[in-house]
Amino acid sequence: MGGRFANLLRLVWSLSLIITFFSFPHSTSAQLRQNFYANVCPNVETIVRNAVNLKFQQTFVTVPATLRLFFHDCFVQGCDASVIIASTGTNKAEKDHPDNLSLAGDGFDTVIKAKAAVDAIPSCKNKVSCADILAMATRDVVALSGGPSYAVELGRLDGLISTEASVNGKLPQPGFDLNQLNALFAANGLSQTDMIALSGAHTVGFSHCGKFANRIYNFSNRNPVDPTINAAYATQLQSMCPRVVNPLIAINMDPITPRIFDNVYFQNLQQGKGLFTSDQVLFTDPRSRPTVNSWAGSSSAFQNAFVQAMTKLGRVGVKTRSNGNIRRDCAVFN
């Protein structure tokens, strides 16, 4: 009898572990849903959209800056607006990590202005998280630049921690190959298809000479210029980024339609016009090339994949009541 009871206990314990294991990955995203603020701040999406549109009219940089801010936020401790926190005398925050120093100020400003617009409505004040405002603003800038509009899941809380050290090894680098890209995205529950779709956000925005100079001047002893770069494009890049130049000079990621969110990014890759190694490798590696070719020929296929990938990205590391709150000021912990 004792043996049977012991076996029963072991069975119950094993089942509880299995249930815990399969429930846990979804527990943080379970609170997300569309229309999360319907009873608290029903017009929140319109308020945010209007604020983003106003910022967009002031500068196109609003688009790539906001998109990149969302990505850099979600890949470090999840989508919790921790990247917006300002450093203090006692804490160096995420935004001051070397990988985040190139985040354009217009992205931060977009969220701060949208937050102010939301909090100006008495019933909405301090009811909507900065993390959700960033997620909505990201959707809006994609749509404003010609990309797809999509329903955003809401219900994130703002994180309580932001440290420079937490960024180490969490963001993709310009020199990454396909294995490195896939490993980093897989760590966030994203597939190779998701990775390629999110890389398509490089259809808008810019980078700096210092991020790709090695590809056009000192790629290797045998090939000073990366042989996977289109020769005419390499010459063009060399003229815009001479050897002795300010490494912060801005260069469009998409040399053809840099202000339109479209599938031309993938057509560029087919022609050897990916700016980073991590862009061009999507075409040169036979494992990812079929996807690039498919989306180069179908804007709708790319847009559908991008929406799916953005929805999955938005579920990464969502904070709950035990490890999050709603910040009164997006740049400062409560």
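Leaving aside its neighbours within four places in sequence, which residues is Phe306 in contact with? They are Leu67, Val142, Pro148, Ala197, Leu198, Ala201 and Phe261. Contact means heavy atoms within 4.5 Å.

## Basis

This is a predicted model: local features need pLDDT of at least 70, side-chain atom pairs count only at pLDDT 80 or more, and totals for chains, interfaces and linings use all residues. Residues are numbered from 1 along each chain as its sequence is written, and side-chain values use heavy atoms, with hydrogens and water left out.

## Helix H3

Helices (H or I, at least four residues) and strands (E, at least two) are DSSP runs, numbered from the N terminus. H3 covers residues 62-74. Twelve of its 13 residues are buried (under 20% relative accessible area, 1.4 Å probe, protein chains only). Among them are Leu67, Phe70 and His72. The buried residues pack against helices H2, H4, H5, H6, H7 and H13.

## Cavities

The whole structure holds two cavities of 30 Å³ or more. A cavity is a set of points, on a 1 Å grid over the protein atoms alone, where a 1.4 Å probe fits but cannot get out; lining residues have an atom within 4 Å of a point. A volume is the space filled by probe spheres set on the points.

H3 gives the most, seven residues. Phe70 and Met310 are among its lining residues.

Key. The expected span of a helix is 1.5 Å times one less than its number of residues. Buried means under 20% relative accessible area, exposed over 50%, partly exposed in between (1.4 Å probe, protein chains only). On a 1 Å grid over the protein atoms alone, a cavity is a set of points where a 1.4 Å probe fits but cannot get out, and a pocket is an open set with protein on both sides within 12 Å along at least five of seven lines; lining residues have an atom within 4 Å of a point.
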